[in-house]
Amino acid sequence: MNDYKYFYPIVVRYGDLDPQGHVNNSKYLTYMEQARIAYIRNLGLWRGGSFLDAGVILADARVTFKQAIHWGQEVHVGVRITRLGNKSLDMDYRIVNPQDGSEFATGFTVLVAYDYHTGKTMAIPQEWREKIADFEEMNNSSA
């Protein structure tokens, strides 16, 4: 867990469960989304307000399931940015049990910088690049 600097706690709700009594597969993506938005806000990249001002759109998402999550279990979602391109960035996720570090799932998303007002992609803002590179301790060539 040391390679992730940001973790977001998740409360598993009864409504997240499927008939088999564990968290429904689709909820893993929701947990990743909650952690992604919290990460973006934590870095000061989006200060709230309209979602149209968030500046990113999801282009790709993948989840690898490792073990079931049951109601009442503690869950933390680790988030990190591993690549900054011109208009897109990659995020990795680890959904873990914070008590023993075991993985429930891993995930990956590609986000594209997007101007919702014009309906077009855009370059990742320099302010974002600097804050992400600083937080993730990326060298300047990867940011």
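Me: Is E127 buried, partly exposed or exposed?

Reply: First, the ground rules. This is a predicted model, in which local features need pLDDT of at least 70 and side-chain atom pairs count only at pLDDT 80 or more, while totals for chains, interfaces and linings use all residues. Residues are numbered from 1 along each chain as its sequence is written, and side-chain values use heavy atoms, leaving out hydrogens and water. Buried means under 20% relative accessible area, exposed over 50%, and partly exposed in between (1.4 Å probe, protein chains only). E127 has 40% relative accessibility, so the residue counts as partly exposed.

Me: Which residue forms a salt bridge with E127?

Reply: Side chains of opposite charge can pair when their charged atoms come close. A salt bridge is a side-chain nitrogen of Lys or Arg within 4 Å of a carboxyl oxygen of Asp or Glu. K131 pairs with E127, with 3.0 Å between the closest N and O atoms. K131 is partly exposed at 27%.

Me: How many salt bridges does a search of the whole structure find?

Reply: The search finds nine. Among them, R80 meets D3 at 3.1 Å, N to O. These two are 77 residues apart in the chain.

Me: Which residues are linked with R80 in a network of salt bridges?

Reply: D3 and D92 are linked with R80. The closest N and O atoms of D92 and R80 are 3.5 Å apart. D92 is buried, at 16% relative accessibility, whereas D3 is partly exposed at 43%.

How values were computed: Helix = DSSP H or I, 4+ residues; strand = E, 2+ residues; numbered from the N terminus.
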